Amino acid sequence: MQAAAPPPPGMPKAAPTENIQGGAIPQAPEQASKPRSKKPLILLAVLAVVAIAVFFGSGKMIDSYYASKAEECAAILTESKSLLDSLSGIPGDAASDDVKKVAEGLAKNADKLNSIRSGIIGKLPRNPQQEKTWDAIGKNAEMLSKAAAIVQSQERAFAPMSIKRFSALCDECMAKWDEANTASTYATVKNQPLSDLIPYADIKKDLQTYRRNKQAFDAKHAQEKYNEERKKHQEQHNELKKKSEVVFLADNAYKNGSDLILSGRFYNGTGDLVTSIMDMQIDLKVSLFGTEVQSLKDEPFSLQLSGLRLMPQQTTDVVQLRLPGKAPEEDFNEFEEHVHKIRWSRMKAR
């Protein structure tokens, strides 16, 4: 009998159906299918509910935070109104402790408003109404800052230039008041316009009252200083008249454009007839309420005042000693002078 031919290359051999012990090879049992767990679905549902709660809860927290900060700003503005109210009951003396206290309070409140606004403006969701409110808070801070500058102004508003500078400060503040007043009509705090909570008309009135009070106080103060100056110079004149020479009795020093002018009269303290006054040297210091503004020393001056018949113990008419280009830029209201080395001609008495 011929042997069976081997299988072609690559063809798998037939698996035996019996094991070496003659038993059948058991088949692997099919894995029983497990039911899908419901826990992940429940967890997802819980997370979704929590996320929704956090979302709406955080929104309420932001709204509450916004509302509390807006009310805080309204309280600061109310306090500022009380500070401004106090100005009408005190003199407009910027150097007084009462006025300084108001100025410091207004400046601090302006800083507080700016600080609160800068701390909250980037945290709020974009909301047109909230933007209007915090824009109004910013404009109110600017108004308080300008009001503080008015009250802090130590410059005496008594001369044309100083009055002009102080008036410019007041005009800037009134412009900021207009902006704050307008913006506050569209801002809401406690569900009502900010303009209903803060009496802006009264704030304007308070600022205008202080402006008038300060200018009146400064004008009176300047007049009192002027009277003191006249008295001092009169005493100096009495001393100069004791000299046996020609002297200059100064009455006033002032600016005319870029020129500095010293006005007064020449006095003949000699026993002779003075016929002309030729030249001299001038020392002149001008000050503003005790603070030196400018000082000139040994300034030469030629006068050529001729044709005089100035008798002993007589004075000339008022003479202006004009110093071209010597006027300081600053205002002044006090002066000290010494006109010396005066050269004159005379006819000796017989």
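Trainee: Pockets to begin with. Which element gives the most to the lining of the largest pocket?
Mentor: Helix 6 does, with seven residues. Keep in mind that this is a predicted model.

Trainee: Which elements each supply at least two residues of that lining in the largest pocket?
Mentor: Helix 6 (200-240), strand 3 (246-256) and strand 8.

Trainee: How many residues line the largest pocket, and which lie nearest its centre?
Mentor: There are 20 lining residues. F158, N252, A253, F332 and N333 lie nearest the centre.

Trainee: And the volume of the largest pocket, what is it?
Mentor: About 400 Å³.

Trainee: How does the lining of the largest pocket split by class?
Mentor: It has 10 nonpolar residues, four polar and six charged.

Trainee: Next one down. What volume does the second largest pocket have?
Mentor: About 210 Å³. Its lining has 14 residues, and L240, K243, F248, H338 and V339 are the closest to its centre.

Trainee: Which elements give two or more residues to the lining of the second largest pocket?
Mentor: Helix 6, strand 3 and strand 8. The largest share comes from strand 8, with seven residues.

Trainee: What about classes in the lining of the second largest pocket?
Mentor: Seven nonpolar, three polar and four charged.

Trainee: Strand 8 keeps turning up. Which residues is it, and what sense does its pairing with strand 5 have?
Mentor: Strand 8 covers residues 334-347. The two strands pair in the antiparallel sense, over 12 bridges.

Trainee: How many bridges join strand 5 to strand 6?
Mentor: There are 10, again in the antiparallel sense. Strand 6 spans residues 291-305.

Trainee: What stands opposite V286 there?
Mentor: Q294, in strand 6.

Trainee: How many residues sit between the strands in that hairpin of strand 5 and strand 6?
Mentor: Two. Look at F289 in this hairpin: F289 takes a positive phi near 50 degrees.

Conventions: Residues are numbered from 1 along each chain as its sequence is written. This is a predicted model: local features need pLDDT of at least 70, side-chain atom pairs count only at pLDDT 80 or more; totals for chains, interfaces and linings use all residues. Side-chain values use heavy atoms; hydrogens and water are left out. Two strands pair if DSSP finds at least two bridges between them. Helices (H or I, at least four residues) and strands (E, at least two) are DSSP runs, numbered from the N terminus. On a 1 Å grid over the protein atoms alone, a cavity is a set of points where a 1.4 Å probe fits but cannot get out, and a pocket is an open set with protein on both sides within 12 Å along at least five of seven lines; lining residues have an atom within 4 Å of a point. Grid points are joined across faces, edges and corners, and a volume is the space filled by probe spheres set on the points. Ala, Val, Leu, Ile, Met, Phe, Trp, Tyr, Cys and Pro count as nonpolar, Asp, Glu, Lys and Arg as charged, and the others, Gly among them, as polar.
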